[in-house]
Protein chains: 4
Amino acid sequence: MVNVGIIGATGYVGIEIVRLLQKHPGIKITSIVSQNFVGQKVSDIYPTLRNVFDMKCDALDIEAISKKADIFVTALPHGVSKEVIPKLINLGKRVVDHSGDFRYKNVDVYEKWYGIKHEMPELLEKSVYGLPELYRDKIKDAMIVGNPGCYPTCSIMGLAPLLKNKLIETKNIIIDATSGVTGAGRSTDLAYQFCECTENYKAYKVSTHRHTSEIEQELSFLANEEMLISFTPHLAPMKRGMLCTSYANLKNETSSSELIKLYREFYKDEYFVRVLDEGKLPETKYTVGSNFIDISLVVDKRLNRVVVLSCLDNLGKGASSQAVQDLNIMCGYAETTGLESPGLYL
Amino acid sequence: MVNVGIIGATGYVGIEIVRLLQKHPGIKITSIVSQNFVGQKVSDIYPTLRNVFDMKCDALDIEAISKKADIFVTALPHGVSKEVIPKLINLGKRVVDHSGDFRYKNVDVYEKWYGIKHEMPELLEKSVYGLPELYRDKIKDAMIVGNPGCYPTCSIMGLAPLLKNKLIETKNIIIDATSGVTGAGRSTDLAYQFCECTENYKAYKVSTHRHTSEIEQELSFLANEEMLISFTPHLAPMKRGMLCTSYANLKNETSSSELIKLYREFYKDEYFVRVLDEGKLPETKYTVGSNFIDISLVVDKRLNRVVVLSCLDNLGKGASSQAVQDLNIMCGYAETTGLESPGLYL
Amino acid sequence: MVNVGIIGATGYVGIEIVRLLQKHPGIKITSIVSQNFVGQKVSDIYPTLRNVFDMKCDALDIEAISKKADIFVTALPHGVSKEVIPKLINLGKRVVDHSGDFRYKNVDVYEKWYGIKHEMPELLEKSVYGLPELYRDKIKDAMIVGNPGCYPTCSIMGLAPLLKNKLIETKNIIIDATSGVTGAGRSTDLAYQFCECTENYKAYKVSTHRHTSEIEQELSFLANEEMLISFTPHLAPMKRGMLCTSYANLKNETSSSELIKLYREFYKDEYFVRVLDEGKLPETKYTVGSNFIDISLVVDKRLNRVVVLSCLDNLGKGASSQAVQDLNIMCGYAETTGLESPGLYL
Amino acid sequence: MVNVGIIGATGYVGIEIVRLLQKHPGIKITSIVSQNFVGQKVSDIYPTLRNVFDMKCDALDIEAISKKADIFVTALPHGVSKEVIPKLINLGKRVVDHSGDFRYKNVDVYEKWYGIKHEMPELLEKSVYGLPELYRDKIKDAMIVGNPGCYPTCSIMGLAPLLKNKLIETKNIIIDATSGVTGAGRSTDLAYQFCECTENYKAYKVSTHRHTSEIEQELSFLANEEMLISFTPHLAPMKRGMLCTSYANLKNETSSSELIKLYREFYKDEYFVRVLDEGKLPETKYTVGSNFIDISLVVDKRLNRVVVLSCLDNLGKGASSQAVQDLNIMCGYAETTGLESPGLYL
């Protein structure tokens, strides 16, 4: 049994990790930290957990909580991480972090897109990009896992087989993506108010979203060349769910069925990747509540272009359940441990 | 390991039972029957289940399926039950049924409210009303369990402690209830179309809903006198969730805190009943995806009236997970087996 | 042409009044006041109005704005009214107010339910309860119109014909009501965040909502006796819409059709009241975007009880369009002026 | 006053035209035809219209209805048009049609994408593509106006200024679009059931949607060269609203502000086109209920690519209110007649 602490447990990502880990057979939650709710039961804040998991929230006292756990999951507001993570590492703790801080290999890219100085550059060499399907081996022993963003997870996994196999041009790649509202976190901003959000659809941060640089880093590694892409995120009136519709020009003529075969080969050992049959398309509801990512693709022969549809739960494979998958790898458990539940269709 | 067959597996109640049982440690789904999808994988119809549970749908051939399982769950359209259930019983199979057919003690009441003749009155004596908190002992050995309706489960459990303790007048009881749209099943009726339902709230079957009679039967048993009630169901634009707001005149002066204490005593051994602290109110999202029923109450001292709020997932404790709870009792398992998951808050 | 100023124009009630009045043939909006957006175009805050109505927001400088208009509509946060309204009245301006301040005849009732001292009791004698169907004649010349709350408008109009005709007992009246989320105003409270609200239904302020006292005042006037009622508000996941389901014991035997006839007689000159045919039930979407209130009723002969369903748009007849109806009366216009549009079904 | 008949009045497009025309100062609805509801009041089918517009539905008897009106709006299921429209034209009636039948210049393209034979090719020369901003002069005297599809209206208007001014490459144009559910019409298909649609987002008809060919036709006319594009429609869980996110490679370096200036010049006489200020992005809710199309654009200097966001109400400018705009032109009225209302923000 591995003891895990969750810092930032009462945000949407944090509470979903609590939900998943509270019944995990190999992991025990031994501390949950929430600065806003110190001393309160998490089940008073999220009453779904009443009688199921009633742990009280600890204060963010690193020394105190570090004694309670071996691995910490951090889901912190920006600016707090730098006070917390170096201390945990110094104390020999391992960390799965949810900020952008440990996702980049190049500090300059981070600093340009985030518009701030990186406060812990020396920790980058101890950190691994937490996408199990690409970096499983490194995650195993990593001190710090930078859990990928939701858009990057969804789009990178959608394009990886094509880039790795050099089947598409690296120019003219467009990623058009849509997320549910939980992607914004437990925010009280007016923009996320029910009456402002419901029955509404919009694009935001067009060509300027930070995840663009994260996607470009990983696609460049896959293609083994520097790549730039267009990325447009949108917001749909639903809680969870993410769909990336990605467009790329094919180098050679091919067919949907050939590419599907290739994808299935590429992901043949990946339980959480479901490559759909030709003619089937993913829908966000098929993945919501699970750690699955569903992928399908359509070759448009008129244009010799491929359209890839990749779909996941932004709070699942896009954040919290991927963190659990990372924890499983770090602890040496089967990756599916505690993640067996399919989503709720309804 | 008990083998269970699910007849009507591709409706909303059926598929939720599939979802719950596919990971049940003591129950094995050995047959799923769906007349519309014979030979198709259930995971093609509900793609959340892809790679998780890909069983193919059997035809409704009683002889064939009866060999596969010991207990059958039936969630059938009206009129089909009478062709199916007597045969299963004759073959020595036990049944958990989701129609109104096995919920009544008095055939006349059934026939009056359902407007049809009861086709299997002789089976009523083998049947038990499947509300575990009231009939656990009888469910244990029952051949037929008539799983209660969602509104009855929610309102009966909200009022049971008051009636059993004779604290309220039996006249002037009002039950005002709201359900999510899954309550209508997987229907293609225009009224349940997205554009007709969303952003809309309405009452329906005012004073004429069949569940009225089911509620009256059980409240009468609890009060040990014939009772009539007002019951008004409403439809809210959400998938799951049910709230009953029940009003009753108190016989004597009392307080919210005294009644809460009484409720907690009444339900002290019931894992799935959560009586909330004074001042807290239930919300449907606290129960969605789980088998919990949350109950709170407010005494209005000005009027010497109590308002009881009871809340559950109409597909959970109101149908499918209650069926699993019944199955657990019938099989001698702990009642919480396979039902440990709290709901998804998000 | 009457010049009207709207103070608090960028809240949900305010902006809906702007939307209605900007095309009103007899009323000209000459000032809109919003303390948060001084100097900004209202169409930058509510971009539906771009190129349609681009007026800039004035500061709350009573002297300055009082020169611009003859009548002011106030939709202010509590506590600001007392700084504003007496000054406007002193300057000879007429006011349609949206707070609770001018809805009560008895200051004690107000102070008890609102838990604060009434700051302008001397203005109460200049004020009229702005429900046109009951107080049309007084509204005509009133200096101050206290526009009723949404729940009171909906429930009072639903019960008025019964009480006025002494057909129901004044005890055991239950009003169970549901509102859309705009009822909470343009709030950034966590409780009204999209992910918290959507797919959720709940009761709130059970037996303690301030509107209880407003409803009781008016029902008592109609019945000509002191009345107490049970009132429970609920929140449904939709923007607009309100349904009140009211229960009352009938004094004598009667039928739905007889009572419908009586309602139609009672409201025979009221354009905005639609009494539905027997067997038809109202739905919130039938009224959303309009000034209509739809009413139907069902007599439950088993219990000799009547269930009244009354339905309106909480931002329409429950607030903003009722304010326009009041303005029309105050200005001597036909009541339907500017209010001819039916709702959007979709 | 021009007399207009609406054939297919009880579908979502039809009823929205009824809503708009029933208060139109220059147009009188003299017949509404609905084969499913002959003899019934339209206000019984869409109760928003009760007491506002209670006309009864006529049967589809061309001879009878042709006597009632001068212009007919047709919103018919496929296959019925060919029985109706030629007869109306023969009788000298003008038609605004909502099918794909009169949108194409090249019958072959229609037959290829629709997979059927065009039944009225001889009528194509009498028909005009009903996009007022591009074909106003021809619409004026047209016998048949083929009202454009929603996706074409939204995307063509978004790209027209760029193509007309030859600022973008005609290869590598991607149009990624999202629609609300009313786009599917008043369907009872399971896919549009509330519980299937809500909280879900998906792509559909990837690379095969018929509107692709309609968009290509008009973009080709604008560019004066044959063009092929990628078009992917998506479905979001909301009733109304459409957003097209279009990507194109710029021929030369430019900036967002320069292009916005160009768009404003291009659309300078168009009341219903709102080109947003730099940095502002459209949201579907800003247009819902109105005839506006909102357009903004972002130049991504890293990629020398422009992203155009165009947004409208699929039932508004994408269908019904555009039909009214066409009718206004055909009748010689100001184009804004009856279309002055801004949308409902809430």
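The contact takes in 36 residues of chain C and 37 residues of chain B, two residues being in contact if their C-beta atoms, placed from the backbone, lie within 7 Å. On the side of chain C that touches chain B, two or more residues come from each of β8 (174-179), β9 (202-203), β10 (230-235), β11 (242-249), β13 (293-300) and β14 (305-312) of chain C. Helices (H or I, at least four residues) and strands (E, at least two) are DSSP runs, numbered from the N terminus. By class, this side of chain C has 18 nonpolar, nine polar and nine charged residues; Ala, Val, Leu, Ile, Met, Phe, Trp, Tyr, Cys and Pro count as nonpolar, Asp, Glu, Lys and Arg as charged, and the others, Gly among them, as polar.

The model is predicted: local features need pLDDT of at least 70 and side-chain atom pairs count only at pLDDT 80 or more, whereas totals for chains, interfaces and linings use all residues. Residues are numbered from 1 along each chain as its sequence is written, and chains are lettered from A and ligands numbered from 1 in the order in which they are written.

Within chain B, helix α10 (residues 256-266) has Leu259(B), Ile260(B) and Tyr263(B) buried, that is, with 20 or more other C-beta atoms within 10 Å of their own C-beta atom, placed from the backbone. These residues cover an arc of only 105° around the axis, which puts them on the same side of α10(B); the arc is that of the directions from the helix axis to the C-beta atoms. Ser257(B) and Glu265(B), on the other side of α10(B), are exposed (12 or fewer such atoms). The buried residues of α10(B) pack against α7 (150-164), β12 (273-275), β13 (293-300) and β14 (305-312) of chain B.
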